[in-house]
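Subject: Handing over the model, with notes on its interior

Dear colleague,

Here is the structure that I promised to pass on to you. Please have it open while you read the notes that follow.

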Amino acid sequence: MKFQEYLAEILDELSRLLHISTKQFLEQKALPHKALENLTRFFNLIDQSSRLYLSQVKSEQGLEVYCHPGCSWCCFQMPEGIHVIEYIYLYHGISKMHPRNLYLARILDRCEFFMDILGCSADEKPSENALDAYFKKKQPCPFLNKRSQSCEVYSYRPIICRTHFSFSPPRFCHPEQKEPWRRHIVNIEPSPMVKDKLIKLDRIFPFRLSQFLIPGMAEFIVNIMECKPIIWV
């Protein structure tokens with residue numbers, strides 16, 4: 001529980017910092033550097049919490065995680081439930097690591113493909129069948145390196161990507177797996193307390209983004225950031 005309490009404390013501090021910086025962010029694309037430090041702490045702590053959970057599962061149940069570099073079938077799904085601070089941190093990572101390449105062409109391509117498959121707007125809740133149909137089309141995430149099959153923005157990835165693990169061999173993660181019940185997947189969700197604070201942080205900003213990673217990222221890059229880098233002051 002300590003990890004969740006620390007995460008909540010960091011989010012409280014972020015809420016204070018971002019609440020007084022919203023106007024500056026919208027007008028100047030600027031945020032306090034202290035906010036970036038807290039974002040980094042938050043995501044690092046998410047990773048530590050996941051490692052502790054997986055260690056306990058291995059010790060108590062003997063389950064091993066099969067995820068490894070080069071195994072990327074999870075990167076062909078469409079992550080959902082993304083919060084504003086996740087878009088901010090991911091965008092910061094993209095701008096830092098690839099300043100001349102914001103992945104915009106790839107993002108817009110995947111976004112259009114995603115909307116065509118779902119047949120609804122990015123604000124609507126698609127059925128599980130629709131999400132499964134998208135997965136089976138095997139469209140890789142814009143941030144997936146085709147050659148190495150690894151994430152090019154791994155350190156800045158969203159919570160759902162950080163907390164998704166498989167206790168079954170990679171072949172069961174394949175989108176065309178005929179026996180999906182053989183998949184033993186776990187998503188290590190934050191506590192209700194942390195989830196509530198993430199939602200409250202979303203409400204600080206006077207805009208709404210799609211809950212789906214790629215449409216939401218397209219909106220954030222084009223409509224909010226106008227392809228400009230975040231200025232940390």
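The residues around the largest cavity divide into 7 nonpolar, 1 polar and no charged, where Ala, Val, Leu, Ile, Met, Phe, Trp, Tyr, Cys and Pro count as nonpolar, Asp, Glu, Lys and Arg as charged, and the others, Gly among them, as polar. This is a predicted model, in which local features need pLDDT of at least 70 and side-chain atom pairs count only at pLDDT 80 or more, while totals for chains, interfaces and linings use all residues. Residues are numbered from 1 along each chain as its sequence is written, and side-chain values use heavy atoms, with hydrogens and water left out.

The search of the whole structure found 1 cavity of 30 Å³ or more, and the volume of the largest cavity is about 30 Å³. Its lining is made up of Cys75, Gln77, Met78, Pro79, Tyr134, Cys141, Pro142 and Ile214. The search runs on a 1 Å grid over the protein atoms alone: a cavity is a set of points where a 1.4 Å probe fits but cannot get out, a pocket is an open set with protein on both sides within 12 Å along at least five of seven lines, and lining residues have an atom within 4 Å of a point. Grid points are joined across faces, edges and corners, and a volume is the space filled by probe spheres set on the points.

The second largest pocket has a volume of about 220 Å³. Of the 15 residues that line this pocket, Phe3, Gln4, Ser49, Tyr53 and Ile188 lie nearest its centre. Helix 1 and helix 3 are the elements that give two or more residues to this lining, and helix 3 provides the largest share, 5 residues (helices, H or I, of at least four residues, and strands, E, of at least two, are DSSP runs numbered from the N terminus). By class, the lining of this pocket has 8 nonpolar, 5 polar and 2 charged residues.

Turning to the packing, the largest nonpolar core has 61 residues, of which Leu14, Phe42, Ile85, Ile88, Phe143, Met217 and Phe220 touch the most other members. A nonpolar core is a set of buried Ala, Val, Leu, Ile, Met, Phe, Trp, Tyr and Cys residues joined through side-chain atoms within 4.5 Å, with buried meaning under 20% relative accessible area, exposed over 50%, and partly exposed in between (1.4 Å probe, protein chains only). Helix 4 contributes the largest share of this core, 8 residues.

Leucine 11, in helix 1, is buried, with a relative accessible area of 1%. Leaving out residues up to four places away in sequence, leucine 11 touches Phe42, Ile85, Val194, Lys197, Leu198 and Leu201, contact meaning heavy atoms within 4.5 Å.

Aspartate 47 lies in helix 3 and counts as buried at 15% relative accessibility. Apart from its neighbours within four places in sequence, aspartate 47 is in contact with Arg157 and Arg162.

Finally, the search of the whole structure finds 0 disulfides, a disulfide being a pair of cysteine sulfur atoms within 2.5 Å. Cysteine 71 is in no disulfide, and the nearest cysteine sulfur, that of cysteine 173, is 5.7 Å away. Cysteine 71 is partly exposed, with a relative accessible area of 23%, whereas cysteine 173 counts as buried at 14% relative accessibility.

With best wishes
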